[in-house]
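Me: I am new to this structure and would like to know what lies behind the labels. Please walk me through it.

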Amino acid sequence: MKKKLTFLGIETSCDETAASVVQENTDGTAKVLSNIVSSQIEEHREFGGVVPEIAARSHIEKIDLIIDEALKKSNTKIKDLDGIAATAGPGLIVCLTVGYNVGKSLAAFSKKPFLPINHLEGHALSASIENKISFPYLLLLISGGHSQYLIVKGINDYIQIGTTIDDAVGEAFDKTAKILSLGYPGGPEVEKIAKLGKKDSFNLPKPIIHRGGCNLSLAGLKTAVLRKSKEIDLKKEKYNLAASFQNTINQILIEKSKVAMKIFIEKTKISDQLPKNFVVAGGVAANESIRQDLISLSKKMNFNILFPSKQYCGDNGAMIAWAGIKRYKEKNPLLYNKDMPVKSRWALDEKAPFMKGPGLKI
Ligand code: KG4
Ligand code: ZN
């Protein structure tokens, strides 16, 4: 019987210190033997966002303990591992460096393969930890730093068909939370209070909704929330404003996902017999209201929708270990150059046009 690969995954790209041990299953999915995530929410709360130096110091303090715990909980010794994977970008350099260097040193001392992983690839493959998914599939990646539609053709084979031209969806949630004086991170807080309000209380803008393909723009929505918040009795109306914001985001994602599905069919020329899979991943994919609306859309559009379970939506080490296993199985050393430096920017589709800044025409 072929040996099932077991990897340690390390993630320190932003404000979560995470490590996980993952073993592949024979059916293309994975068994997560441990998944330890230590969030720095408390450390950053008073600043309302991530402070890079505080985040890096906290990663340094915790990383050994978190890796130890992941190994212990999974009943794995370093010598039993087939490889070590660590996030190499995109993210905050001072943070990435911590997990990356620890992973690389552990691998060197134990003479194991070391795989630098693109954090976005971790999210892109996260739904396949628990689901058998065949390529190609349409991916909506919605997190705090990124919002993109991609065609996932295979490992290291991505076509970006849409992206945000300003704020990411998670960023819009976080900024709205700040305006409404809710906690950090904002997404779960906005979702919670949005349930208590009326979704059609305020008419908020949906920038570039009928143009720009499946590109997104959310800066105008954030500004409109800020303006509205100053016109109303915020204490009384914050539930309604949160509900209207959540509803506007949902409407934008429904409309843009519809466009992305059409582009996916056109570009892949996928036959009617093959399943058309739509994966929604990243921190914001934990949002139940967005999930429900995209499930309805997928039914209408004849797409099979898949989400990672909520523990694998936000940043975690399991998705990094899993991406490491998937890359290693490609048996192409070019896919894991252990000497690559950490990178603050690292697109999944390096040929995609840069879609931010003045002069952009869409
Ligand atoms: O993927 P992630 O953990 O980190 C990045 O790679 O950015 O995503 C974090 C983002 C934050 O903006 C957070 O507010 C948002 O995901 N988020 C949510 C929810 N849970 C997390 N947004 C909306 N609803 C949620 N339930
Ligand atoms: Zn992430």
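Reply: Start with a term. A polar contact is a pair of N or O atoms within 3.5 Å. Keep in mind that the model is predicted.

Me: How do you know that Gly145 makes a polar contact with ligand 1?

Reply: A polar backbone atom of Gly145 is 3.4 Å from an oxygen atom of ligand 1. The cut-off is 3.5 Å, so the pair counts as a polar contact.

Me: What makes Gly144 and Asn287 contacts of ligand 1 as well?

Reply: Take Gly144 first. One of its backbone N or O atoms lies 2.8 Å from an oxygen atom of ligand 1. For Asn287, a polar side-chain atom lies 3.0 Å from a nitrogen atom of ligand 1. Both values are within 3.5 Å, so both pairs are polar contacts.

Me: How much of ligand 1 does the protein cover?

Reply: On its own, ligand 1 has 560 Å² of accessible area, and the protein covers 85% of that.

Me: Which elements give two or more residues to the shell around ligand 1?

Reply: They are α4 (119–125), α5 (169–179) and α6 (186–194). The largest share comes from α6, with 4 residues.

Me: How many residues surround ligand 1, and which are the closest?

Reply: There are 20, and the closest are Gly144, Asp174, Gly187, Glu191 and Asn287. To belong, a residue needs a heavy atom within 4 Å of the ligand.

Me: What is the make-up of that shell by class?

Reply: The shell around ligand 1 has 11 polar, 6 nonpolar and 3 charged residues.

Me: Which domains does the shell draw on?

Reply: At least three residues come from each of domain 1 (6–127 + 312–335) and domain 2 (134–307).

Me: Why is one space called a cavity?

Reply: In a cavity a 1.4 Å probe fits but cannot get out. The whole structure has 1 cavity of 30 Å³ or more. The largest cavity has a volume of about 30 Å³. Its lining is Leu125, Ser128, Ile133, Phe135, Tyr137 and Lys326.

Me: What makes Ser128 and Lys326 stand apart by class in that lining?

Reply: The lining has 4 nonpolar, 1 polar and 1 charged residues.

Me: What is known of the second largest pocket?

Reply: A pocket is an open set of points, unlike a cavity. This one holds about 270 Å³ of space. It is lined by 15 residues, and Asn156, Arg327, Leu334, Trp346 and Glu350 lie nearest its centre. The lining has 8 nonpolar, 3 polar and 4 charged residues.

Key: Residues are numbered from 1 along each chain as its sequence is written. Chains are lettered from A and ligands numbered from 1 in the order in which they are written. This is a predicted model: local features need pLDDT of at least 70, side-chain atom pairs count only at pLDDT 80 or more; totals for chains, interfaces and linings use all residues. Side-chain values use heavy atoms; hydrogens and water are left out. A polar contact is a pair of N or O atoms within 3.5 Å; within protein, one must be able to donate a hydrogen and the other to accept it, and residues adjacent in sequence count only if both atoms are side-chain atoms. Accessible areas come from the Shrake-Rupley method with a 1.4 Å probe; for residues, only the protein chains shown count as cover. Ala, Val, Leu, Ile, Met, Phe, Trp, Tyr, Cys and Pro count as nonpolar, Asp, Glu, Lys and Arg as charged, and the others, Gly among them, as polar. Domain bounds come from an automatic or database domain assignment. On a 1 Å grid over the protein atoms alone, a cavity is a set of points where a 1.4 Å probe fits but cannot get out, and a pocket is an open set with protein on both sides within 12 Å along at least five of seven lines; lining residues have an atom within 4 Å of a point. Grid points are joined across faces, edges and corners, and a volume is the space filled by probe spheres set on the points.
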